[in-house]
Amino acid sequence: MNIVNNFEMDKLTAIEEIRQLKARYFRCLDNKDWTGLATCLTDDVSFRYPPGKISLEGKEELIGNFSNRHANTLTSHSGSMPEIKLKTAFEAEGIWSMTDLVVRTDVQGEQETTQGFGRYHETYQCLHDRWLIKSIMLERILVITPQVKILSI
């Protein structure tokens, strides 16, 4: 009985660590903490966003792309209702419902707002007792582009 209970506790611990990892990923992304974001990723992470025709390979390329793309944005990302499945003690996969809000400001100060809804399809790897994101595929279901003027932040 103890072996079964320990195995279930190990699974629950791993799932919670992955949930915390994803929360840290969103926080670092929204705060433009690129060093912190890098600590959430494997060195060979891949990122796919088929509708945007974005395909990135490796931590350096992903961080470079994100920091350039979000240089003039304010963002708010959230993920919920994760379906996390442990494949082995060191590999997992997950699907997250997601929403995001991106406010871009151009050189004239004009703002464009985009709100998105969809899912993240991800894989995770446990390296040196830490779970990291190995791959991300962003699936957009709905994108709304209302024109909203942000007066203060």
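The charged end of K22 sits over the ring of Y120, 3.8 Å from its centre; a charge counts as over a ring if NZ of Lys or CZ of Arg is within 6 Å of the ring centre and within 35 degrees of the ring normal. Y120 also joins Y25 and F26 in a cluster linked by ring pairs. This is a predicted model, in which local features need pLDDT of at least 70 and side-chain atom pairs count only at pLDDT 80 or more, while totals for chains, interfaces and linings use all residues. Residues are numbered from 1 along each chain as its sequence is written, and side-chain values use heavy atoms, with hydrogens and water left out.

**Aromatic pairs**

- The structure holds 3 aromatic pairs; rings of Phe, Tyr and Trp (its six-membered ring) pair if their centres lie within 6.5 Å, with planes under 30 degrees apart called stacked, over 60 edge-to-face and the rest tilted.
- Y25 and F26 form an edge-to-face pair, because their ring centres are 5.7 Å apart and their planes stand at 65 degrees.
- F47 counts as buried at 4% relative accessibility, and F66 is buried at 3%.

**Fold and annotation**

- You will find 3 helices and 6 strands in the chain, where helices (H or I, at least four residues) and strands (E, at least two) are DSSP runs numbered from the N terminus.
- Their order along the sequence is α-α-β-β-α-β-β-β-β.
- An unreviewed UniProt entry annotates residues 11–135 as "domain: SnoaL-like"; such annotations may be inferred rather than shown by experiment.
- That span, residues 11–135, is 30% helix and 52% strand, and its end C-alpha atoms lie 20 Å apart.

**The chain as a whole**

- The C-alpha trace spans about 65 × 30 × 30 Å along its principal axes.
- Of the 153 residues in the chain, 34% are buried.
- Among contacts (heavy atoms within 4.5 Å) with a separation of 6 or more, 54% come from residues 24 or more positions apart.
- Carbon and sulfur atoms hold 55% of the accessible surface of about 9300 Å², computed by the Shrake-Rupley method with a 1.4 Å probe.

Definitions and conventions: Buried < 20%, exposed > 50% of the residue type's maximum accessible area, 1.4 Å probe, protein only.
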